[in-house]
Amino acid sequence: MTGNLTFVLGGARSGKSRYAEEILARIPGPLSYIATAQAFDDEMRERISHHRARRDSRWQTFEAPLDLAEALEACGSGQPVLIDCLTLWLTNVMLAGCDVEADSERLVEVVARFRGPLVIVSNEVGLGIVPDNRLAREFRDHAGRLNQMVAQCADRVVFMVAGLPMTVK
Amino acid sequence: MTGNLTFVLGGARSGKSRYAEEILARIPGPLSYIATAQAFDDEMRERISHHRARRDSRWQTFEAPLDLAEALEACGSGQPVLIDCLTLWLTNVMLAGCDVEADSERLVEVVARFRGPLVIVSNEVGLGIVPDNRLAREFRDHAGRLNQMVAQCADRVVFMVAGLPMTVK
Amino acid sequence: MTGNLTFVLGGARSGKSRYAEEILARIPGPLSYIATAQAFDDEMRERISHHRARRDSRWQTFEAPLDLAEALEACGSGQPVLIDCLTLWLTNVMLAGCDVEADSERLVEVVARFRGPLVIVSNEVGLGIVPDNRLAREFRDHAGRLNQMVAQCADRVVFMVAGLPMTVK
């Protein structure tokens, strides 16, 4: 019904996470949630607990701010997995000084061979004015490239607008 | 033809206002225009007069920088109404120190029970890089949530790209 | 198959250039590439050479950071042309202190009467938070207006999301 891999793209507060959760919640049995967020400050802590409060007891949460490919591999096949979200993971990888391109490629390899329902959430961040600072421009480039790679593997890609999915693929 | 509530979303200069006006201009008789813009400075004054010059004499303009729900209720049912735009209203509500969530919910209630052709214009602002300052992030969150609530009530939602409407719902 | 004029809009790193090149690469024979980028610094130089490395020997490159209308006219009819991209040209025109509106209108006139396959790439930049500085806001306005004018002439308009085209028109 949803294909193997669904990629949910959209802006801030566009309803990406809710929509992604609803796709998997239709499947009976346990569900895995891989969170890439790190609670650096109160604002982030609040956003995380807000998301967590919405998910019912069927969800098992794994935190993978950096080792996302490993966390996905550890999930094993067959069990539905939600990754939320790629752009936060990318932020963590950049801040940690890792090799972003190598890590992105490795992640996409694991995603491409994952068997079982997988939903990946990511932000589209390239539709505003070119940012002043170089780091933000690099982030935009990395995010755009990663989104393209994941979209290419995906069976279904949706672009969220005001909580509603537009079909891209 | 257009359903009761049409929600027109898009970026800056994407042709939202023009498209919204054209939807209602097809209906004969008087039309109500609820403007949320406030002319703080010359730049804003120019934008407002540019918009106003385009509308013909059938349009009656009401200004509602803050009391948008009240202005819509006062319009009465049956007569076509255009609200332009939600994001400027939200800016005004935040700057005035009002309770944004309560005011947003109250507005959506009035919108949901309004009878008669209603077109609401709003900006999508969440598709760029995460803003540096907290107020801008909060604004993005509020705008995204409000857009989702209005989109849920709407019979038709369009996303404007370069002056052209893409159907979301 | 693609109509006379295809307009490819999207965010940063959304796969616009690659998609635009692929449309024209299907046509046999020589192809013209009009580049509007100027190599001011190393970052830009790298982006330009990255793009250039992707195009095969059938492409002849013309640089037109400012005289875009003239460069397109000089191409003559019949031969496929790719313009990449409008928003960089607009940046150059603004920085050079030219009359942006007059230059935009003149460009659109030349585009509208061009005979032969033409693909134009442009950035959508209006979907983030309102920028702090006035120049960026003016750029957003000019870009939005120019995109609308070109989209109106176009036979086909696509909005790129993560490397995939969504049909707008």
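How much area is buried between chain C and chain B, and what share of it do carbon and sulfur atoms give?

**Entry 1: conventions.** I noted that this is a predicted model, in which local features need pLDDT of at least 70 and side-chain atom pairs count only at pLDDT 80 or more, while totals for chains, interfaces and linings use all residues. Residues are numbered from 1 along each chain as its sequence is written, chains are lettered from A and ligands numbered from 1 in the order in which they are written, and side-chain values use heavy atoms, with hydrogens and water left out.

**Entry 2: the interface of chains C and B.** I looked up the buried area (the accessible area, with a 1.4 Å probe, that two parts lose on being put together, summed over both). It is about 1800 Å² between chain C and chain B, with 62% given by carbon and sulfur atoms. L127(C), I129(C) and Q148(C) supply 35% of the area that chain C buries against chain B, more than any other three residues. Contact (heavy atoms within 4.5 Å) takes in 20 residues of chain C and 24 residues of chain B.

I then searched for salt bridges (a side-chain nitrogen of Lys or Arg within 4 Å of a carboxyl oxygen of Asp or Glu). The rule finds one across this interface. D141(C) forms a salt bridge with R13(B), and their closest N and O atoms are 3.3 Å apart. On the side of chain C that touches chain B, α6, β6 (156–161) and β7 (164–167) each supply at least two residues; helices (H or I, at least four residues) and strands (E, at least two) are DSSP runs numbered from the N terminus. The most comes from α6(C), with nine residues.

**Entry 3: helix α6(C).** I checked the length of α6(C), residues 134–153. The expected span is 1.5 Å times one less than the number of residues, so its 20 residues should span 28 Å, and the 29 Å between its end C-alpha atoms agrees. The buried residues of the helix (under 20% relative accessible area, against over 50% for exposed and partly exposed in between, 1.4 Å probe, protein chains only) include F139(C), D141(C) and L146(C).

**Entry 4: L146(C).** Which residues does L146(C) touch, not counting those up to four places away in sequence? I found L86(C), W89(C), L90(C), S104(C) and V108(C). L146(C) lies in α6(C) and counts as buried because its relative accessibility is 1%. I also recorded L107(C), which is 39 residues from L146(C) in sequence and 9.4 Å from it in space, C-alpha to C-alpha.
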